[in-house]
Amino acid sequence: MQGIDNKQYALSEFFENKNRLRCPECGCLLDPYYRSLRIDFKSKFDFSTTYDNVDIVSKRFKDFIQLEDYRNVVFFPVNENNEFFYFHILNNPVQVNVEKSGIKYKEKCNTCLYPKEIIGGFDIFLNQEEPLLDCFYTSDVYWRTHNMFGYRIFIGIETYNKLHAQKFKGLDLAAKVF
Ligand SMILES: [Zn+2]
């Protein structure tokens, strides 16, 4: 699943003010604790993703997920309005079949050792064949977008059915996974 493109950057201010947290050679974000950052954010969507790969959800989405008691998902308020929240999945990776998904890692940065570019992965194949249980999962590989590394999100079929029934705006449940 994925969020609709909300055509905003989450971290522009962060990048301006805290350049020391970026790799001096390739510019990639080295500090994952940006979620304490307060940003100006408005959206008509329940689930959307910024250019720099940050998932942001509405209070309605957060309340539903918390009511369903998914334990490995956390929310951080984007500001004091209590309307939108950074959405983050805690360590629950599924193995992506890198070769079959056509994912290629280009040249590594000499300083931070992260790949400077990652290509492919439009259609994603997983290594496991049995269906995922009712939960949120992340890919075990990361994509690089605007110098942010981000995972892809996977969900179980039951999770899919629950989210689908809620008709959340901006949430694309049909992202291609095989
Ligand atoms: Zn680097």
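Two strands pair if DSSP finds at least two bridges between them. Strands (E, at least two residues) are DSSP runs, numbered from the N terminus. The structure is a predicted model: local features need pLDDT of at least 70, side-chain atom pairs count only at pLDDT 80 or more, and totals for chains, interfaces and linings use all residues. Residues are numbered from 1 along each chain as its sequence is written.

**Strand E3 and its partners**

- Strand E3 covers residues 55–58, and 3 bridges join E3 to strand E5 (residues 84–89) in an antiparallel arrangement.
- Strand E2 (residues 47–49) also runs antiparallel to E3, with 3 bridges between them.
- Ile 56 of E3 stands opposite Ser 48, and the bridge partner of Ile 56 in E5 is Tyr 86.
- E2 and E3 form a hairpin with 5 residues between them; in the turn, Asn 53 has a positive phi of about 75°.

**Side-chain directions in E3**

- Asp 55 and Val 57 point one way from E3, whereas Ile 56 and Ser 58 point the other way.
- These four residues are buried (20 or more other C-beta atoms within 10 Å of the residue's own, with C-beta atoms placed from the backbone).

**The sheet E6-E9-E12**

- An open sheet of 3 strands has the order E6-E9-E12, with mixed pairing.
- Strand E6 (93–94) and strand E12 (153–155) are the edge strands, each pairing on one side only.
- Strand E9 (residues 136–139) pairs with E12 in the antiparallel sense over 3 bridges.
- Within that pairing, Thr 138 has Ile 153 in E12 as its bridge partner.

Notes. Buried ≥ 20, exposed ≤ 12 C-beta atoms within 10 Å, placed from the backbone.
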